[in-house]
Structure formats: C-alpha cells, structure tokens
Amino acid sequence: MDILIQQLINGVTVGSVYALVALGYTMVYGIIGLINFAHGDVVMVGAMVATTLVAVFLGADPGSTSAWLAVMGALLLSIPVCMALGWTAERFAYRPLRRAPRLAALITAIGVSIIIQNIAMMVWGRNYLSFPHIIEPNIFQLGGARISMLQIIIILSATAIMAGLLLVVHRTRLGTAMRATAQNREVAGLMGVNINTVISAAFLIGSALAAVAGVMVTTYYGVAQYTMGFMLGLKAFTAAVLGGIGNLGGAMLGGLLLGIIESLGAGYIGDLTNGVFGSNYQDVFSFIVLILVLVFRPSGLLGERVGDRA
C-alpha cells in the first residue's frame, strides 16, 4: 500500500506538468485546429533558459531564501523568452498557412520543432545541463510514503495556474473572444473579434505555461537537454488526446491520468514481468494509452465540446 501511495504521489507530480503542457496543445487546437508539435520544444527552451539563469544567479546556500529567489527570477525571465518564441512561430510560420491544407501546417510545425532544437543545440551544446542543487529537499511523511516540498509546490502551483486559466477563459472578455473564435472564426470576426489577436493570445498563454512546465521539469529532475522537449511534448499531446483535445478540462484530466498511469507502470512493471522489464520502459505506457484512445475513443474521455473549446 505504501508503494501504491508513493507511485500515486509521483504520478500526480509528473501529471501536473503534463497537464500544463497539454493545455498549450489543446488551446491552439481548439481555436485553429493545429497540432503544434513544436510546443514541447518551447518547454525545452524554458528549461534551458531557467537552468542557465539559475547558474548565473547562483551564490545562494541550499534552502535559503535567495535560492528560491534565484529560481523565481529564472522563471520570470524564461516566461517572456518562451512567449516571444511562441509568438514568433505563430506570426511567421503558422499564420500564413491558416487557409492551407492541415498537412502543410502539420509539416511546418515539425519543421519549427527541428529548427528550435538545432538552435538550442548551437546555444547550449549537446550535453546535459545540470540544474544547480540550491533547494533543500525537505521530505514529509504521508502514511508510509514520502512527499518532498518541491513536489508539493509543483502540484499546488500547477493547480493554481490551471484554475486561473479556467477563470480567464470563462470569466473574461479575452476568454469569451477565444471561445467565440473556437466555435466559428468567420462569425466571430464579423462580430468585432480581432482573430489575429485572439490566436496570438492563445500561443502566448500556451508558451507561458510551457515555460512554467519547463522550470518545473528541470527543477524536479535536475537536468535539461536540447532534445528533452520531443518526448515531453509527445506525452503531453497524448494527455490532451486522452482527455479530449480541444477541451481544457480534458487536458487537465488527461495529464493527471497519464502521469499516474506512467508512474504505476514504472513501479509495477518489474513485478508483473518477473524482472524482464524495468522502470526504464515507463515511456511505453504513454504510447500504449495513445493507441488505445485513438482506437476505442478518438474523441477522448471528455469528448470535444465545440462551444467550450479554447
């Protein structure tokens, strides 16, 4: 039972990150029907920028107030970098292709992903960057399981951000414009909605969430590398599909479920296979989930509520 609780804690932690990234996928898809496969690389850039900045700010003792300030400073600076990257991709790569066949936009998204990866490789190199160990890993007992302060912060921060996004989408003029654009772009434009502004806002918000997720990932795992966005992006896309791509609540649910499934699989795969497979096969579960969802329920667990897409 203790192992189960521990795996659930780990799964919710990772799933919270998947949910934040999945929201970026589902917002863009809900509005313009584009699967932005470069979104995972925006997360990577956020992680790399934050790791570099924290190293620059280093001079803090582990667990000190200045250590947390270094992380917060890196986060606040990585967000505008990722937002600028997302806006640039939308303005110069995706906007000219809005009326083109979807395959053209999809191929372009893959090309943007490759470009971002190669630029990151030229800037930071091929090797892994280590996130400085400046945060004291305070551990709390939860039954027979253990949860760190960092895990608590990741879960609570992701929850607050997701709640804030729902308020923006359902309680603000921008959110109303986003939902109207998602339902029918042409009619929304005739009603006075600036379509370009709304779509750019979706990319900016999604990129900001990607920056936060990138900082969470590199802080949690302690490393960052220029290819890390590929697998993370695919898993977040799987989470969006699992919950129902185009549905904000579905992206959140899918991220949490995928994190839990992956964590439970990694924890029990050794026992289930008599040691033939180890926890290093945990990525397999994400793609098994993706295949099963596409085969048996392509619309996802919550379906796609067109009127509420954003």
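This is a predicted model: local features need pLDDT of at least 70, side-chain atom pairs count only at pLDDT 80 or more; totals for chains, interfaces and linings use all residues.
View 1. Numbering runs from 1 along each chain as its sequence is written, and side-chain values use heavy atoms, with hydrogens and water left out.

**View 2. Helix H9 itself.** With 16 residues, H9 reaches 23 Å from first C-alpha to last, close to the expected 22 Å (1.5 Å times one less than the number of residues). H9 is mostly covered, with 13 of its 16 residues buried (under 20% relative accessible area, 1.4 Å probe, protein chains only). Helices here are DSSP runs of H or I with at least four residues, strands are E runs of at least two, and both are numbered from the N terminus.

View 3. Strands S2 (residues 139-142) and S3 (residues 145-148) pair antiparallel over 4 bridges; pairing takes at least two DSSP bridges. Leu142 sits opposite Ala145 in S3. The hairpin leaves 2 residues between the strands, and Gly143 in the turn has a positive phi of about 70 degrees.

**View 4. The largest pocket.** Its volume is about 490 Å³, the space filled by probe spheres set on grid points joined across faces, edges and corners. A pocket is an open set of points on a 1 Å grid over the protein atoms alone, where a 1.4 Å probe fits, with protein on both sides within 12 Å along at least five of seven lines; lining residues have an atom within 4 Å of a point. Of the 21 lining residues, Val217, Tyr221, Met228, Met231 and Leu232 are the closest to the centre. H1 (2-32), H8 (195-221), S4 (223-224) and H9 (228-243) each supply at least two lining residues.

Definitions and conventions
Buried means under 20% relative accessible area, exposed over 50%, partly exposed in between (1.4 Å probe, protein chains only).
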